[in-house]
Structure formats: C-alpha cells, structure tokens
Amino acid sequence: MTDHKDEAEDRKEAVEEDALFRADEAMHEDDKTEKEKPFFIHGLVLAVFCLGFGALLALTYHLTAQTIVARGVEDQQASLEQVIPASIHDNDISANPLHLKDAEGHDVTVFRATKAGHVTGVAYEISGSGYSGEIRLMMGVDDQGHILGVRALAHKETPGLGDKIEANKSNWILRFTGLSLTNPSENKWKVKKDGGQFDQFSGATITPRGVVAAIHRGLEFFETHKSTLLESSNVQ
Amino acid sequence: MSNNEYFRIAKDGLWDNNGILSMLLGLCPTMAVTTSATNALGMGLATAAVMAASNLLVSVFRHHITYEVRVPVYILIVAAMVTLVDLVMNAYMHPLYKVLGLFIPLIVSNCLPLAHLEAFAGKRPPAASLVDGVFAGLGFTFALTVIGGVREIIGSGTLFSNAALLLGSSFKFLECHLLPADCHILMMVLPPGGFLVTGFVLVGKRMIDVAQGKEISMSGAHGA
C-alpha cells in the first residue's frame, strides 16, 4: 500500500500484534482526552452515511431491477413448461393471463395454452397446508379436465421426509398426471391412510395429505370455471 | 506493515481466531445453512464478500466515524453490503439465490462482521482491514463447509450435491454419492444435527491445537 500516512498513524496507535480482539479501553480514553465534539456532529455523520449508502443501494437496485424481473419471469416459464407439454400449445403461455377468484375468494392467475387459437390446457398455482406451512404448487389441466402435471414451487416441509413432493427427489408427484375429478372417484381422492388411493410417505402423512387435498381443490376450481377458462375468444 | 503481520492476520482469521471454531460467533447462520456442503460454501462466500467490503469501508472512513455513532454506522454499512449482495445474487446468480436467498438477509444479524468492524477495521488502516475481512470470511467459509460436509454425508449420503449450481458446470465432479439411501441419519440435516456436528468439530479443532502444544485458555478473545 502507498498509504504512508496510515502506516504512521497505525504505529502511533501502537496496536500490539496480538491485540486483535482486546477490549478497546485505551481507545476510549484517548477519545475522552480529545476536545468534546458538539453533539450535532454525530447526527451529521450518521446522516451523511445514511445518505451515501442509501444512494448506493438505490443505484444498485436501479441497475439490477430489470434483470431480477426477467429472472422471475424465467422461473415462472420454467414451472409452466413442466406442467404443460410443449406439444399441446403454440403460444406464449405466460402472456395474457386470466385473473379469477377461487372458492375462498383468493386471486388465482390462470395461464392458458392454446393451439391454433383454441385453449388446449390451463395452468395455475394452487396451495395446500403442509406440516410446516403453506405448500405452493403449479398445476396444469387439459381441456377435458385431466391433470397434465403438478410441480411443487415452494414449501417448508422437513428435508428427507416431506420434501419427497419435489419432482427431483421422488416421482410421487408424477402419479397425478392423467387423473381427473372422476378418476379416481370422489371418496378415493385421499391418501391411503384416510381410505384413499394415494401413497403417503413413511414418516410423513400430513404433507401428501395437504398436497392431495390441494390438487383436488384445483380440479374443482377447473370444473367451476370451465366455461371461462376454455373460452377461446378472449385469448389473443 | 510487514508481510509477517499480514500473515499473522490471515492465520488469525482462518484458524487461531476462527469466527465459528474459536469465537463461536455467527452460530445462527451456521445452524441454518449447513445442511449441505454446497449451501454452506455459498453462504460462507457471501458472508466473506460482505465482511471484506464492510471492513474496507469502515477502515477507510474510520477517522470520520465518531465514537458515539460508530455502532449504527457499522450496522448501516453491513446492511447496505448485504442488500447489495442480495440484489446482485438475485440478478446474476439466480439458481443459487433460490437456494440461499432466504439466508442472505441473515448476514446482517451475524455478529461476526460486526465484531471484526469493532475490534479491527475501526482502528486499523485499509490494507490490513481488507486482509482481516477476507481471511476471517474465508475462515468462516471453511468452518461452515466442514460442518456442512459432515452433516450432508451422514444425513443425506452425498457430498457437494448441486455444487454445479453454485460454482458452474465445470465443478460437477465435486458432487459425489457416498452412502446408500438406507444408511442416512436424517437427524443430521435437522437442527439437532447442526448442534451435534458443530460440537464435534469444535472438539476436533481443540484437539489439533492441543496436539500442536498450543495453550488452550479462555482468553478475552474467546469471550468476545
């Protein structure tokens, strides 16, 4: 370093080689011997630092904002591509989504897949309650009401137990593909422990139970809004 | 300052006064992210970047920061650096951000960067402070990765899984599968495993120090 001034000061401060984490009493006493600074100096110092670093953050935010939005869109597209096969659509699924309300009054954003102007499938986010909080899933349904695919987007389930709902940890979630409200019948849309036909995981029943219920609600949502969802005239 | 002193600062950060292994600082992120070696490495490197930047900044401005407001200013600087890392990671290292994003803001509440600002960067010239920040950060990374590696091997049977996500596809060779699926001890990736493994790693460090004939004492440094 060319910082000669700093070096000299450093010696003056006489910091011992091993005094890395020594209590800083010495320094404190030095301060007391100095002339007392007027009180507003401290406020001024703090204000200047706040302004300076605030500006730095604003600049960074400005520079990264667009990239961050683009990454979010990429994420969404990746999850949409997993639940809607490329063969059934020729449009940009994430463009021009439909905004509806589900049975509980929550907003649901529905993405539509179209081929030659006709809606061939829809995808939307559903959520279930797991062992430790909400499980968010993306679900794709074709125009006949059959499941095209389901993928977990975010969850806080126990690693090694409940996280088997992720497609890269277990193929459990793939089992739902092709099913509909009538296949299996209403009373079989449960985990085996509750008399249904879906496997639970050893050591984790609450997670699959929440997921099965969420998917069933998702299918009911499709049934309720079928006519709106499949209407081709409001798709570009 | 002589090279010898820089060497001493580096060795202090990496081993003698290692943030986790000697000072037991920053245990909250230690428990949270060490479920796999890759997560631990990513979190360690992010913390090291924050520590290097904040140490340098505080040292540069040390004559302008008055004693009375130094703590708020230090926290402001650490928080600003963390937000910066958060935004940059979200934009340019997105796959990793999806894994670690939740833990990055935790660096603000990690007392290790603050300890180094207060005890070192606030009193020393920029070059020494930068060296201190970098090596204390790397020491933190080293300790996290060791704990993460042990927990991952015992708990999930893998080592450095998803390393390609963090370091790029050329590091795919790091990913290994060590134990068959029915030999995992799940507890090791759950919170109790974090405490157990950290305890054993601490014992290991002390044993190495004793074997080298170093005196183990509860000095002021350990109480910091």
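B:I185 sits in the loop between β2 (176-177) and α9 of chain B, where helices (H or I, at least four residues) and strands (E, at least two) are DSSP runs numbered from the N terminus. Its relative accessible area is 43%, so B:I185 counts as partly exposed; buried means under 20% relative accessible area, exposed over 50%, and partly exposed in between, with a 1.4 Å probe and protein chains only. Together with B:M187, B:L196 and B:F200, B:I185 makes a nonpolar surface patch of about 390 Å². Patches are made of residues with over 30% relative accessible area and no salt bridge, with like charges joined within 9 Å and nonpolar side chains (Val, Leu, Ile, Met, Phe, Trp, Tyr) within 5 Å. Accessible areas come from the Shrake-Rupley method with a 1.4 Å probe, and for residues only the protein chains shown count as cover.

A word on the model: it is predicted, so local features need pLDDT of at least 70 and side-chain atom pairs count only at pLDDT 80 or more, while totals for chains, interfaces and linings use all residues. Residues are numbered from 1 along each chain as its sequence is written, chains are lettered from A and ligands numbered from 1 in the order in which they are written, and side-chain values use heavy atoms, with hydrogens and water left out.

**Elsewhere in chain B**

Helix α1 (residues 3-16) of chain B has B:I9, B:A10, B:D12, B:G13 and B:D16 as its buried residues. Their cover includes α6 (111-121), α7 (126-156) and α9 (191-211) of chain B, counting as contact heavy atoms within 4.5 Å. B:D16 is also linked with B:R8 and B:K11 in a network of salt bridges. In the loop between α1 and α2 (27-33) of chain B, B:L24 has a positive phi of about 55° although it is not a glycine.

Helix α4 (residues 70-92) of chain B holds B:I75, which is partly exposed at a relative accessible area of 37%. B:I75 and B:G193 are 118 residues apart in sequence, and their C-alpha atoms are 31 Å apart in space.

What about cysteines? A search of the whole structure finds 0 disulfides over all chains, a disulfide being a pair of cysteine sulfur atoms within 2.5 Å. For B:C111, the closest cysteine sulfur is that of B:C28 at 9.0 Å, which is too far for a bond.

**Salt bridges**

The structure holds 10 salt bridges over all chains, each defined as a side-chain nitrogen of Lys or Arg within 4 Å of a carboxyl oxygen of Asp or Glu. Here are some of them:

| Pair | Closest N to O distance |
|---|---|
| A:R136 and A:E125 | 2.9 Å |
| B:K172 and B:E175 | 3.5 Å |

A:R136 is partly exposed at 31% relative accessibility, and A:E125 is partly exposed at 35%.

B:D209 and B:K205 share helix α9 of chain B, 4 residues apart, or about one turn of the helix. B:D209 is buried at 5% relative accessibility, and B:K205 is buried at 4%.

**Chain A**

Chain A has 5 helices and 5 strands, which follow the pattern α-α-α-β-β-β-β-β-α-α along the sequence. Of its 236 residues, 38% count as buried. Among contacts in chain A with a separation of 6 or more, 49% come from residues 24 or more positions apart. The accessible surface of chain A comes to about 13600 Å², and 54% of that belongs to carbon and sulfur atoms.

UniProt, in an unreviewed entry, lists residues 130-222 of chain A for "domain: FMN-binding"; positions are given in the numbering used here, feature names are shortened, and annotations may be inferred rather than shown by experiment. Over this stretch the chain is 18% helix and 20% strand, with the end C-alpha atoms 22 Å apart.

Which residue does the UniProt annotation "modified residue: FMN phosphoryl threonine" cover? In that unreviewed entry, the annotation covers A:T205, found in the loop between β5 (147-154) and α4 (206-224) of chain A. A:T205 counts as buried at 16% relative accessibility. Not counting residues up to four places away in sequence, A:T205 touches A:V191, A:K193 and A:Q200.

A:P184 is also found in the loop between β5 and α4 of chain A, and the peptide bond from A:N183 to A:P184 is cis, with omega near 0°. In the loop between β2 (107-115) and β3 (118-130) of chain A, A:A116 has a positive phi of about 50° although it is not a glycine. A:A116 counts as exposed at 66% relative accessibility.
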